Amino acid sequence: MIKINCCNQRCGKLIITDDSRKKYCNKRCNNQANYIYKLKVNKWEIDLIKTRNKNIKIIEYLVNKNIFFVSKNELKILGFDFEVSNIPLFSDKEYKVFRYGNYGLKIISQSVCEIFLINKDEK
Ligand SMILES: [Zn+2]
């Protein structure tokens, strides 16, 4: 018999076992420890997804109000974060198009961005 402490940092309970490979008291502790690990390692990605989802909500909010042209500044005031823009869906000298959910955001200039629905068949 060996004594170890559960490797789940939120538990740490003493475990008495004869299995030297055992690290957690149960499956739940194992899952929780994995989850905590992923949160730490992927924090940047998780924040990115959250911010992108917020951007999508802002665009959907504008679309629901039938607003399809908006300035960068107005978007920023609503909480839109341009820093998380992923690789443009389309880009040339004139403008860039970014995708947020089912919508495209065409950055025509500082003062004009166009929101349009992306055809769901195009992927
Ligand atoms: Zn535990």
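**Close-up views of a predicted model**

Among the elements of the protein, strand β4 (residues 90-91) has the lowest mean pLDDT, 84, while β3 has the highest, 97. This is a predicted model, and across the protein the pLDDT averages 90, with 95% of the residues scoring at least 70.

View 1. Let us begin with the overall layout. The domain assignment gives domain 1 as residues 2-17 + 24-41 and domain 2 as residues 66-117. Taken over C-alpha atoms, the centres of domain 1 and domain 2 are separated by 44 Å.

**View 2. Helix α2 from end to end.** Here we follow helix α2 (43-64). With 22 residues at 1.5 Å a residue, α2 should span 32 Å, and the 31 Å between its end C-alpha atoms agrees with that.

View 3. Which residues of α2 are buried? They are Asn55, Ile58, Ile59 and Leu62. Seen down the helix axis, the buried residues fall within an arc of 95 degrees, so they line one face of α2. On the other side, the exposed residues are Lys43, Glu45, Ile46, Ile49, Lys50, Tyr61 and Asn64. The cover over the buried residues of α2 includes β3 (69-70), α3 (72-77), β5, β6 (103-107) and β7 (113-117).

**View 4. The largest nonpolar core.** This core has 10 residues: Ile58, Ile59, Leu62, Val70, Leu75, Phe80, Phe98, Tyr100, Leu105 and Cys113. Two elements, α2 and β5 (96-100), each give two or more residues to this core. Its largest share, three residues, comes from α2.

**View 5. The surroundings of Cys113.** Cys113 is one of the residues of the largest nonpolar core. What does Cys113 touch, not counting residues up to four places away in sequence? Its contacts beyond that range are Val70, Ser71, Lys72, Leu75, Leu105, Lys106, Ile107 and Ile108. Among them, Val70, Leu75 and Leu105 also belong to the core.

**View 6. Asn8, a buried loop residue.** Asn8 sits in the loop between β1 (2-5) and β2 (14-17). Is Asn8 buried or exposed? Asn8 is buried, because 21 other C-beta atoms lie within 10 Å, and 20 or more are needed for that label. Leaving out residues up to four places away in sequence, Asn8 touches Tyr24, Cys29, Gln32 and Ala33. Asn30 is 22 residues from Asn8 in sequence, yet their C-alpha atoms are 6.7 Å apart in space.

Key
Residues are numbered from 1 along each chain as its sequence is written. This is a predicted model: local features need pLDDT of at least 70, side-chain atom pairs count only at pLDDT 80 or more; totals for chains, interfaces and linings use all residues. A nonpolar core is a set of buried Ala, Val, Leu, Ile, Met, Phe, Trp, Tyr and Cys residues joined through C-beta atoms within 7 Å. A residue is buried if 20 or more other C-beta atoms lie within 10 Å of its own, exposed if 12 or fewer, and partly exposed in between; C-beta atoms are placed from the backbone. Helices (H or I, at least four residues) and strands (E, at least two) are DSSP runs, numbered from the N terminus. Two residues are in contact if their C-beta atoms, placed from the backbone, lie within 7 Å. Domain bounds come from an automatic or database domain assignment. The expected span of a helix is 1.5 Å times one less than its number of residues. The arc is that of the directions from the helix axis to the C-beta atoms. pLDDT is the predictor's confidence in each residue, from 0 to 100.
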